[in-house]
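Keep the viewer open as you read.

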Amino acid sequence: MKLFDAHCHLQDSRIFSDAEDVIFNAKLKGIIKIAVKSTTEQDWQRVGKLSRDFDSLNPSFGLHPWFLAIRSDDWEIELEHLLNSYPQACVGEIGIDPNTKGDLGVSMDEQELIFLKQLALANQFKRPVSIHCRSSWDKLISLIDQVSPLPSGFMIHCFGGSLEVAQELVKRGAYLSFSGTITRPNNTKAFKVINNIPKNRILIETDAPDLLPHGLDNRLNEPANLLHVLNRASELMNLSAAMIAEQTYINACRFFNIEN
C-alpha cells in the first residue's frame with residue numbers, strides 16, 4: 001500500500017532537525033511521497049533544501065495569509081526565481097483567512113491582492129496551487145473565478161467547508177484534501193462531503209507538525225500519522241483503506257504532476 005501526504009510542513013522549526021527520521025518513519029508506514037508547503041520567505045530555503053536532500057519530497061513555495069506582514073518588498077521576484085529554479089515545485093501554501101491568529105497578518109483586501117499575484121505566478125509557470133481558506137468561501141470562489149481557469153489545478157488543504165462549497169469548488173477543478181480534523185468526534189461535515197464529491201478529487205494529508213489526529217498523545221504530528229487519516233476516511237466512506245490509499249495516491253500524483 002502506497003500513500004501520499006499531500007500537505008505538510010517539514011521545514012517547520014519544530015520538526016526540521018528531525019526531518020530524516022520523520023521521513024524514514026513515514027516510509028515504514030507506506031508514505032512514500034510527501035508534499036512540503038512553505039508559508040513565509042524565511043522557510044523557502046529550507047523547503048528547497050529538503051527537496052534536494054530527499055527524492056520523496058515535493059516542494060511548494062508561497063506566502064501564507066497569516067504571515068504576510070513580514071514579507072519583503074522583493075517577494076515576487078524571489079518567488080519567481082524559485083519557480084524557475086525548481087521546475088517540480090508548486091505554489092503554496094497561499095490563501096485568505098479573516099482570522100490570522102496574531103499580528104503578522106494583514107487586511108483582507110491586502111490578502112486578496114497578494115493571493116491573486118501568487119495565482120498569476122502559478123498560471124505563468126503552469127504550477128498546481130495549494131490553498132488555505134477558512135470562513136471566506138464565497139470570497140475564495142469569487143477570486144478563483146477572476147483567474148479561472150487554473151490550468152494546472154488547485155487543492156484546498158484541510159478542507160472544512162460545507163458540501164455546497166465543496167461542490168462549487170470541484171466544479172472549478174479543485175481537489176479537496178482531508179486532514180486529521182476528520183478524526184475528531186465532533187466533525188459532522190466530513191461524512192457528507194467526502195461521500196458526495198468525486199473520488200478522483202480526494203486527497204489526504206497530515207499538515208504536520210500540526211493537526212494531530214484525535215486520540216494521539218504525541219507532542220507533534222508527523223507524516224507517519226497519515227494512516228490515522230486514511231483509516232478514518234475508510235470508515236466514513238465504507239470502503240477499504242487499501243482502495244482509498246490507491247485512489248488518493250493516484251490523485252496526488254496526477255495533481256502534483258508526478259509519474260506514478
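The paragraphs below take up strands, cores, a pocket and some backbone details in turn.

Please bear in mind that this is a predicted model. Strand S3 (residues 57–61) runs parallel to S4, and 2 bridges join them; here Phe-61 stands opposite Val-91. S4 also pairs with S5, again in the parallel sense, over 4 bridges.

Ile-131 leads us on to the packing, as one of the residues in contact with Leu-140. Setting aside neighbours within four places in sequence, Leu-140 also touches Ile-96, Phe-115, Cys-133, Ile-156 and Leu-169. Both Leu-140 and Leu-169 are among the residues with the most contacts inside the largest nonpolar core, together with Leu-10, Phe-159 and Leu-176. That core has 73 residues, and helix H8 (residues 226–237) supplies the largest share, 7 residues. Apart from it lies another core, of 13 residues, including Ala-35, Met-155, Tyr-249 and Cys-253.

Now turn to the open space. The largest pocket has a volume of about 910 Å³, and 36 residues line it. Nearest its centre lie His-132, His-157, Cys-158, Asp-207 and Leu-211. Strand S5 (129–133) and helix H7 (189–194) are the elements that give two or more residues to this lining, with H7 giving the most, 3 residues. By type, the lining divides into 11 nonpolar, 14 polar and 11 charged residues.

Finally, a look at the backbone. Most residues other than glycine have a negative phi, and most peptide bonds are trans. Where does this model depart from that? Ser-148 and Pro-149 are joined by a cis peptide bond, with omega about -5 degrees, and Pro-149 sits in the loop between helix H5 (137–147) and strand S6 (154–156). Another cis bond joins Ala-208 and Pro-209, with omega about 10 degrees; Pro-209 belongs to the loop between strand S8 (202–204) and H8.

Two lysines have a positive phi. Lys-101 has a value of about 55 degrees and lies in the loop between S4 and helix H4 (108–125). Because its relative accessibility is 54%, Lys-101 counts as exposed. Lys-126 also has a phi of about 55 degrees, in the loop between H4 and S5. At 57% relative accessibility, Lys-126 is exposed too.

Conventions
Residues numbered from 1 in each chain as written. Predicted model: local features only at pLDDT ≥ 70, side-chain atom pairs only at ≥ 80, totals over all residues. Heavy atoms only, no water. 1 Å grid on protein atoms, 1.4 Å probe; cavity = no way out; pocket = protein on both sides within 12 Å on 5 of 7 lines; lining within 4 Å. Points joined across faces, edges and corners; volume = space filled by probe spheres on them. Nonpolar A, V, L, I, M, F, W, Y, C, P; charged D, E, K, R; others polar. Core = buried A, V, L, I, M, F, W, Y, C linked by side-chain atoms within 4.5 Å. Buried < 20%, exposed > 50% of the residue type's maximum accessible area, 1.4 Å probe, protein only. Contact = heavy atoms within 4.5 Å. Pairing = 2+ DSSP bridges.
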